[in-house]
Amino acid sequence: MNQLKFLLTSQLKRSPLAQKNSGFTLIELLVAIILAALVIAPLLGFMVNILDNDRKEQAKSASEQEIKDALDYISQDLAQAVYVYDNDGLKNNSTTNPATSGIKNQIPPFATGSTEVGCNPATTECVPILVLWKRSAKPKAIPTITGATCPPPPPPAVDNCNDGSVYSLVAYYLIKDITPSNTWSKAARIGRFEISDEVRNPNNPAVYITQPKPGFKMFDLKAASSLNLAMNSWTNSGAYTANSPKIQVLVDYIDKSTVGLTPSCPNPSGATPNPQQVPTTLTGAFYACINSDPSQLSTQVFIRGNALARTINPSDEPLPYSSNRSIYYPSASIQVKGRGFLYSK
């Protein structure tokens, strides 16, 4: 029994090493914190930089795609164009001197009622860049028998309608907000405005099948001695109203600065011969080189986006263009020759 007690007692006794308190000293803890900071801080900065670059690349990719889509849309209008206005045509309309006339005060934002279509000079700056007349199709718009419904109802209803075509006035604007907007970025955007003729009775062209929207009026090729003068003397039907078509935004995040832009239009002054740079003085990164000569009607359009405007708080002012961040200002251009024409005689 004495031997058993001795063995149990010796096993239950704690050794001197086990009785020591385990843990880190304050100096060891401070050294560990410093080493961790030296390792983790660069890694954290590296990850933040990767995430920031990824966000910028996504914004750049989105801007490139949207600019491409916008130019594709514009090119469709230009391909159907029968007349494109240059700087001479975007002067104020003059009834006293047709030779110096233009349509500037007949379209938004200078025409009466422009606030009804979305160009309010008190809150937005709308600069017309590309203004054209085009001829477009109106499928199944003309009834072939009296009382037919066009477009026709789905089958098995009888189709008593023919296709028609109408003229439209289309205007593209560079739009910048004077007062902050809750809808759009603080960069610039491109807006599109269209007023279109309606289908007329083929047996009596003076009678409309459906009435055009307020503001539209057909041009008169007999109004002057040449095509340019006749188109430049066009006037609208009166004030635009709430029932007039509205300016629709085609693309946002367009660069509103002109830094780094070097337009290559052969004739930026606006004097003959064509083509002319529109506008003569750039107001942002959206402009056109226009040759309005009916025999060689062609238009080149240039757009530059601002992808960095997508990566900031909407209330902040976008960074201006600079060469060291030019990669985030994607640009593209197209050149289109109009396939339509007008008989001027």
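1. Start at one residue pair: F302 has S333 in β11 as its bridge partner. The strands involved, β10 (residues 298-304) and β11, run antiparallel and share seven bridges. Strands count as paired if DSSP finds at least two bridges between them. Helices (H or I, at least four residues) and strands (E, at least two) are DSSP runs, numbered from the N terminus.

2. Basis of the model. It is predicted: local features need pLDDT of at least 70, side-chain atom pairs count only at pLDDT 80 or more, and totals for chains, interfaces and linings use all residues. Residues are numbered from 1 along each chain as its sequence is written, and side-chain values use heavy atoms, with hydrogens and water left out.

3. Overall content. The protein has three helices and eleven strands. Their order along the sequence is α-α-β-β-β-β-β-β-α-β-β-β-β-β. Of its 345 residues, 39% are buried, meaning under 20% relative accessible area, against over 50% for exposed and in between for partly exposed (1.4 Å probe, protein chains only). The accessible surface is about 19600 Å², with 57% from carbon and sulfur atoms. These areas come from the Shrake-Rupley method with a 1.4 Å probe; for residues, only the protein chains shown count as cover.

4. Contacts along the chain. Take the contacts between residues at least 6 apart in sequence: 67% of them join residues at least 24 apart. Contact means heavy atoms within 4.5 Å.

5. The four-stranded sheet. β10 and β11 belong to an open antiparallel sheet ordered β8-β9-β10-β11. β8 (276-278) and β11 (331-337) are its edges; each has a single partner strand, so one side of each lacks a neighbour in the sheet. The twist from one strand to the next averages 15 degrees.

6. The five-stranded sheet. This one is also open and antiparallel, in the order β1-β2-β3-β4-β7. β1 (81-84) and β7 form the edges with a single partner strand each, so one side of each has no neighbour in the sheet. Neighbouring strands are turned by 20 degrees against each other on average, direction ignored. Helix α2 packs on this sheet and touches β1, β2 (124-143), β3, β4 and β7; its direction makes about 140 degrees with that of β7. Axes are lines fitted to C-alpha atoms, for helices over the stretch in contact, and angles run from 0 to 180 degrees between N-to-C directions.

7. Strand β4. What leaves β4 (residues 188-196) largely enclosed by the rest of the structure? Eight of its nine residues are buried, so the strand is largely enclosed. β3 (residues 161-177) pairs with β4 over eight antiparallel bridges. Y172 stands opposite R192, and I175 has R189 as its bridge partner. β4 also pairs with β7 (residues 248-254), antiparallel, over four bridges.

8. Helix α2 (residues 26-79). It has 54 residues and spans 78 Å from first C-alpha to last, close to the 80 Å expected at 1.5 Å a residue. The expected span is 1.5 Å times one less than the number of residues. Its buried residues include A59, K60, I67, L71, D77 and A79.

9. Nonpolar cores. The largest has 55 residues; Y85, L130, W133, W234, V301 and I303 touch the most other members. β3 gives the largest share, eight residues. Apart from this core lies another, of seven residues, among them L261, C265, A285 and F302. A nonpolar core is a set of buried Ala, Val, Leu, Ile, Met, Phe, Trp, Tyr and Cys residues joined through side-chain atoms within 4.5 Å.
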